[in-house]
Amino acid sequence: MMWIDAHCHLADVRYKDQELLQVISRSHAQGVGTWIQGGVEPKDWERQLLIKANVDAGLVPCFGVHPEWVGRYRDWE
């Protein structure tokens with residue numbers, strides 16, 4: 001059986017490269033093979049794609065804006 005982490009924030013800049021690799025490694029060890037990565041603002045989106053391409057293809061990026069921050073991006077309407 002493969003597990004899916006249905007809501008994570010692996011693109012959070014507080015995860016340094018080695019920490020991110022450790023988190024993913026521990027997840028794999030517990031059977032997680034897919035991560036639904038919630039984006040919280042545009043600067044997150046590029047990091048999501050980098051993680052998917054360079055760290056683990058099991059990451060599924062979701063480009064979004066956190067409801068608390070949506071006011072910052074009103075000009076996109």
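Predicted model: local features only at pLDDT ≥ 70, side-chain atom pairs only at ≥ 80, totals over all residues.
Me: Which residues of H1 are buried?

Reply: Leu-20, Val-23, Ile-24 and Ser-27.

Me: And what makes those buried residues one face of the helix?

Reply: Look down the axis of H1: the buried residues fall within an arc of 95 degrees, so they line one face. The background is that an α-helix has 3.6 residues a turn, so residues three or four places apart point the same way. On the other side of H1 you'll find Gln-18, Arg-26 and Ala-29, which are exposed.

Me: What covers the buried residues of H1?

Reply: The cover includes strand E2 (32-38) and helix H2 (42-54).

Me: What comes after H1?

Reply: Gly-31 follows, with a positive phi near 100 degrees.

Me: Why is Met-1 called exposed?

Reply: The cut-off for exposed is over 50%; Met-1 has 83% relative accessibility, so Met-1 counts as exposed. Met-1 sits in the segment before strand E1 (3-8).

Me: How far is Met-1 from Trp-45?

Reply: In sequence they are 44 residues apart, and in space 29 Å, C-alpha to C-alpha.

Me: How many aromatic pairs does the structure hold?

Reply: One.

Me: Why is the pair of Trp-45 and Phe-63 called tilted?

Reply: Ring centres have to lie within 6.5 Å to pair, and planes under 30 degrees apart would be stacked, over 60 edge-to-face. Here the centres are 5.7 Å apart and the planes are at 55 degrees, so the pair is tilted.

Me: What makes this pair a tie between parts of the chain?

Reply: Trp-45 lies in helix H2 and Phe-63 in the segment after E3, so the pair ties together parts 18 residues apart in sequence.

Me: Why is Trp-45 called partly exposed?

Reply: Buried needs under 20% and exposed over 50%. The relative accessible area of Trp-45 is 23%, so Trp-45 is partly exposed. Phe-63, with 45%, is partly exposed too.

Terms used
Residues numbered from 1 in each chain as written. Heavy atoms only, no water. Buried < 20%, exposed > 50% of the residue type's maximum accessible area, 1.4 Å probe, protein only. Helix = DSSP H or I, 4+ residues; strand = E, 2+ residues; numbered from the N terminus. Arc of directions from axis to C-beta. Contact = heavy atoms within 4.5 Å. Phe/Tyr/Trp six-rings, centres within 6.5 Å; stacked < 30°, edge-to-face > 60°.
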